[in-house]
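Here are a few exercises to work through with the model open beside you. Try each task before reading its solution.

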Amino acid sequence: MTNKAILQSIREGEPNIGHLNDILEELKSNPKTIVVLDDDPTGTQTLYNVPVITQWTENAIENQIKHSPLFFILTNSRSLQSDEANELGKLLGKRLKTMAAKHHKKLIVISRSDSTLRGHYPSEVDALAKGLGLHSAKHMLIPAFFEGGRYTFNDIHYVREGDTFTPAGETPFANDSTFGYKNSNLKDWIQEKTNSQVPSKMVYSFGLDSIRNNDSSQLSNALDNNHKCYIANATTYGDLGNIALACLKSNTPLIYRTAASFVNAIAGIPPKELLSKKAIQNNNNTNGGLVVIGSYVPKTTAQLNHITKKLDADFFELNVTQLLENSTSANKLLEISKNIDKQIKNGKTVVVYTGRQVITGKTKQESLKIVNLVSGFLISIVKNLQIEPRFIIAKGGITSSDIAVKALNITRAKVVGQIIKGLPVWKLGNEAKFPNMHYIIFPGNVGGDDALYNLINKIT
């Protein structure tokens, strides 16, 4: 019954960004710079022609505030321990506040997070608000991400596979060793994540009937009540559009915790056709491509199993247990890099991946430390490459961020679009290890079993 109700809600809702012209007019009459702090690179998975910076010096932030109405800062905060993520949020808030004041800019600040509810919530959002000086700021939680099959209906957040909608708390994502949770109802999820400091009764819900039957001014008035947190149900871009317009009209200080789709809505950016192979092709490069897989979620493992059976490529598996225990790991990783170089030079697509055994620590902090150590192995391999691949696909949020920043030396990139729904493509800057290359970010939790195979076939 629930599946049918959600599908009906999708059919009956406005399919495109609702109130697009009204949003653009509001931004024109009351200009605001939209800054998205992305806790891994997958937050750009619905956008195009948008800059991303991976450094947050005052000069870097100032340059974007001066010239970009919308930009992303890649924080990779999901890979940090909680206290480190909080300190970073506070620091970024302070620098954004300083630079915005210097150039007389108003800001909309979005803490972009995982659409399956994993991440440092609420602590890094509170730290960001503190840095911005918004001590009375309210949280707006909107995890809907339609391109990846994430919908919120009757306050419950769902993950879609085909025409089946599973409450997020019943999916493997909720069992994350660091960011796990029990509740799918967003009101209860907030209560869980705040250790009951914000009880569910203090969370205001914008229901679909209210969003679709009231104008944005009426919705905006609801933001003036005494609730600490707000959630928005959404099954279409029209729902997000009306909520976005209500937020733009409100004088209530808000800090947003959202997935990717809401960024399009509040920035008034309509959908765009997927990129073609030609759009990201470098005809002067006849080398093979490189696929780096670090994500451990079951969806990624299913996609890996699919390509091992169907794809004509060279596969390199990292035995994580041995690498963690072996003092000669650096030599082993260098040897792998040399072998990959050889195959890429011969025009062969190469897939390097971590073994599928999940190694966890005794605590959430230890588990996160192991994740970062494993990511470090992949960084070393890519960093040691001498031959430029025709393309690089990085699978997983932390993996794609670490490869981008620590292996490819990306400080600034341009999001050119999506090659498949939910898969952003970055064009690298001149400072990168491989200048002007196209870098494809493949979230661990996106796509069917054949999605990775189909992507590689599309671009080779």
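**Exercise 1.** Find how strand 7 and strand 8 pair, and what joins them.

Step 1: strand 8 covers residues 164–167, and it pairs with strand 7 in the antiparallel sense over four bridges. Strands here are DSSP E runs of at least two residues, helices are H or I runs of at least four, and both are numbered from the N terminus; two strands pair if DSSP finds at least two bridges between them.
Step 2: across this pairing, Val159 stands opposite Thr166.
Step 3: the two strands form a hairpin with two residues between them, and Gly162 in the turn has a positive phi of about 65 degrees.

A word on the source: this is a predicted model, where local features need pLDDT of at least 70, side-chain atom pairs count only at pLDDT 80 or more, and totals for chains, interfaces and linings use all residues. Residues are numbered from 1 along each chain as its sequence is written, and side-chain values use heavy atoms, without hydrogens and water.

**Exercise 2.** Now examine the hairpin of strand 6 and strand 7.

Step 1: strand 6 (150–153) and strand 7 (156–161) are antiparallel, with four bridges.
Step 2: Tyr151 faces Tyr158 of strand 7.
Step 3: two residues lie between the strands, and Asn154 takes a positive phi near 50 degrees.

**Exercise 3.** Is Ile370 buried or exposed?

Step 1: locate Ile370 in helix 14, which spans residues 364–383.
Step 2: its relative accessible area is 17%; buried means under 20%, exposed over 50%, and partly exposed in between (1.4 Å probe, protein chains only). Ile370 is therefore buried.
Step 3: look across to Leu324, 46 residues away along the chain, whose C-alpha is 8.8 Å from that of Ile370.

Methods. Expected span 1.5 Å × (residues − 1).
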